[in-house]
Amino acid sequence: TIDAIARECTKIKALNLSQCTGLTDKGASAIAKVSGLTKLNLTECQALTDKAIESIAKGCRDLRVLSLASCVGLGNGAVEALAAECKSLESLSLAFCSNIQDSAIFKLAERCSGLKVLNLGHCSRLTDKSIAQVGYKCQKLESLDLSVCAKITDESINYIAKGCHGLKELNLGICEKVTDQALAAVAEHCRGLEQLNLSCCDKITDEAIMQLAKCADLRSLNLYSCKQITDAGIKELASKCKKLTHLDLFWCEGIKEEAIEQLMKNNPDCRIDR
């Protein structure tokens with residue numbers, strides 16, 4: 001049991017309880033007794049509420065890596081507790097925690113400025129207000145997932161680009177309000193970008209792709225269903241992004257074989273999905 005682990009293994013640093021769907025707040029509260037814990041995975045522990053995370057946050061203040069992905073019962077209270085107690089957090093996943101709102105993420109960014117990895121995918125209530133604060137405060141970010149955060153616009157992505165120059169991975173899949181302007185800012189300020197997901201961002205045009213070609217370290221680019229992209233954008237990628245190893249062009253109907261052939265010639269190791 002969790003009680004036994006907490007009682008007998010007081011010096012453990014990492015604990016993986018992902019998909020323990022029977023784990024309740026009572027069981028999770030025992031984790032708080034392992035005060036030296038630095039890495040904890042509670043992915044898909046769907047019975048947990050804010051009460052459990054509040055207890056863990058108070059007991060495990062040295063947490064560096066925490067996954068609460070798909071803990072669908074969590075809300076603002078859990079995130080606010082982490083912000084107050086776990087200021088050394090470097091990696092946090094809140095993916096699919098759709099009850100979380102701007103106020104909690106605002107506090108998280110304010111107090112956990114050392115975050116390097118932040119996954120907010122499918123946190124659909126979030127707006128530019130909190131994401132702009134992430135860009136302003138969390139300037140060590142290397143990986144950010146905002147997929148399906150449908151309220152996000154260019155405004156907050158500009159803050160991310162200007163604040164997080166070390167960004168290597170960015171997921172904007174199904175952020176349908178994002179336009180070329182935001183991607184131009186990312187290309188200008190985040191030159192070390194390696195992975196970018198723009199799937200279903202249907203406002204994106206060749207102009208954005210031409211700007212992104214400045215990111216010479218780009219290795220993976222997802223343009224699934226970006227239907228305004230044409231040969232012109234792909235040819236620019238082919239000539240500038242020599243490290244590209246994966247390109248998703250499914251449902252990019254404006255791209256012809258000529259551009260694909262040029263890309264394959266310049267990037268023979270690149271896997272192209274279409």
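**Close-up 1. Ser225, a buried loop residue.** Ser225 has a relative accessible area of 15%, so it counts as buried (buried means under 20% relative accessible area, exposed over 50%, partly exposed in between, with a 1.4 Å probe and protein chains only). You'll find Ser225 in the loop between β9 (220–222) and α10; helices (H or I, at least four residues) and strands (E, at least two) are DSSP runs, numbered from the N terminus. Its phi is near 60°, a positive value in a residue other than glycine. A word on what you're looking at: this is a predicted model, where local features need pLDDT of at least 70 and side-chain atom pairs count only at pLDDT 80 or more, while totals for chains, interfaces and linings use all residues. Residues are numbered from 1 along each chain as its sequence is written, and side-chain values use heavy atoms, with hydrogens and water left out.

**Close-up 2. Val148, another loop residue with positive phi.** Here phi is near 65°, and Val148 isn't a glycine either. Val148 sits in the loop between β6 (143–145) and α7 (154–163). With 23% relative accessibility, Val148 counts as partly exposed.

Close-up 3. Side chains of opposite charge can pair when their charged atoms come close. A salt bridge here is a side-chain nitrogen of Lys or Arg within 4 Å of a carboxyl oxygen of Asp or Glu, and a search of the whole structure turns up 11 of them. In this one, the closest N and O atoms of Glu80 and Lys107 are 3.7 Å apart. Glu80 belongs to helix α4 (residues 76–85) and Lys107 to helix α5 (residues 102–111), so the pair ties together parts that are 27 residues apart in sequence. Glu80 is partly exposed at 25% relative accessibility, and Lys107 is partly exposed at 33%.

**Close-up 4. Glu258 and Lys235, a link between α11 and α10.** These two side chains meet in a salt bridge, 3.1 Å from N to O. Glu258 is in helix α11 (residues 257–266) and Lys235 in helix α10 (residues 231–240), which makes this a link between distant parts of the chain, 23 residues apart. Lys235 is partly exposed, at 25% relative accessibility.

Close-up 5. Lys240 and Glu236 are four residues apart in helix α10, so about one helical turn separates them. Lys240 is partly exposed, with a relative accessible area of 44%, and Glu236 is partly exposed too, at 24%.
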